[in-house]
Amino acid sequence: MQLPTIRGRSTPLNPGNRFESDETVAEFDDFERDGHPLLEPGRKLKTAVLKDHSRTIINHVDPAKSPDIPYRWSLNPYRGCEHGCIYCYARPSHEMLGMSCGLDFETKILAKLDAAALLRNELNKPGWRGEPIHIAGVTDPYQPLERRLRITRQCLEVIADARQPVSLVTKNRLIERDLDLLTELARHGAVSVAISLTTLDKGLAQVMEPRTSVPADRLRAIRRLADARVPVGVMTAPIIPGLTDREVPALLEAARDAGATWAGWVLLRLPWQIKDLFLDWLARHYPERASHVEALIRDTRGGRLYDARPGVRKRGLGPVARQVEQVVKVFRHRLGLASSGPALTSEAFRRPAAAGGGGGGGGGQMELFG
């Protein structure tokens, strides 16, 4: 039988961890007979927050292994993401923590409560020269938990103190809260922001990206950043063949009209068990289009659902992928959008103050809230 959807979550599935040899399989017939709460329609599930015990915060991206990633240093304040985007390529990272890439990824979040203190220490190391850092890359730094925990805010306070160049990507209008720090960094040519916009269809966004800001709010965030003279662009990522690809011209135009000056894009990526999650989601919400969308995805991956090779994983191959790329290029040119954001400078970088700037605190207990 099929598990019912969960309010505010993109998937009710929790597939087994690929790193573990044993897997627990639920007997849904027994659950149904016993009236198990797992099967209650429209049920809600709280988010569990756990303290992450990482001892470093700046991650190096090896250009030899990932030549298609445009940054060399990244920072992620959270592991897992409450936004719950069904297509998120980062979901398999939760399996490295002994959890599932499914429901666990969006309901069991590890928070790096000491991130700002770690960052201050690392920026003060003699070997650090102020190279640009990308905040995101794995999970969204402005996911709903950030409103309460303020870890990203604390890191940006350290970054602003150091005039450390930084780029950010988010789907959440919460970034507007930090306009004071972003504006200060913009004065030194040390910041760029990209707002991820996948669809203008509010209904599609609500089932595909259930806890993100609605498309209209993301466009307003672009406008507020642009009005504050913070360099801002749009990421049309991912583009899903047969589902969102026809929206590309409208997405780019809406972003340009809101103040975006560049546009990036990525084709849908389905590594590891995300394939099963995504296909189940398609069958639930778009059954009449599911087989067509799957066929188009396979067309962009040589008949498979994914190709992990650098250069191919983000762009795909074949006629469907080439058509998507051509549409992006044509409308980007027509609308006067650049293909990437401004180059960031480290000229103003300085060592941050040795103390202060937040970032500490938090016990090791699990915290639950709705």
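Me: Which residue in β10 does I239 stand opposite?
Reply: I239 stands opposite L267 in β10. This is a predicted model, in which local features need pLDDT of at least 70, side-chain atom pairs count only at pLDDT 80 or more, and totals for chains, interfaces and linings use all residues. Residues are numbered from 1 along each chain as its sequence is written, and side-chain values use heavy atoms, without hydrogens and water.

Me: What makes residues 232-239 strand β9?
Reply: A strand is a DSSP run of E with at least two residues, and a helix is a run of H or I with at least four, both numbered from the N terminus. Residues 232-239 form β9, a strand of eight residues. The protein chain has twelve helices and eleven strands.

Me: Why is β9 called mostly covered?
Reply: Buried means under 20% relative accessible area, exposed over 50%, and partly exposed in between, with a 1.4 Å probe and protein chains only. Seven of the eight residues of β9 are buried, so the strand is mostly covered. Of the 370 residues of the protein chain, 53% count as buried.

Me: How do you know that β8 and β9 pair?
Reply: Two strands pair if DSSP finds at least two bridges between them. Strand β8 (residues 191-196) and β9 have four bridges, in the parallel sense, so they pair. In β9, G233 is the bridge partner of A194. Strand β10 (residues 263-267) also pairs with β9 in the parallel sense, over four bridges.

Me: Why is the unit of β9, helix α9 and β10 called right-handed?
Reply: With the strands pointing away from the viewer, a right-handed crossover runs clockwise from the first strand over the helix to the second. β9, helix α9 (residues 248-258) and β10 make a right-handed β-α-β unit, which means that the path from β9 over α9 to β10 runs clockwise in that view.
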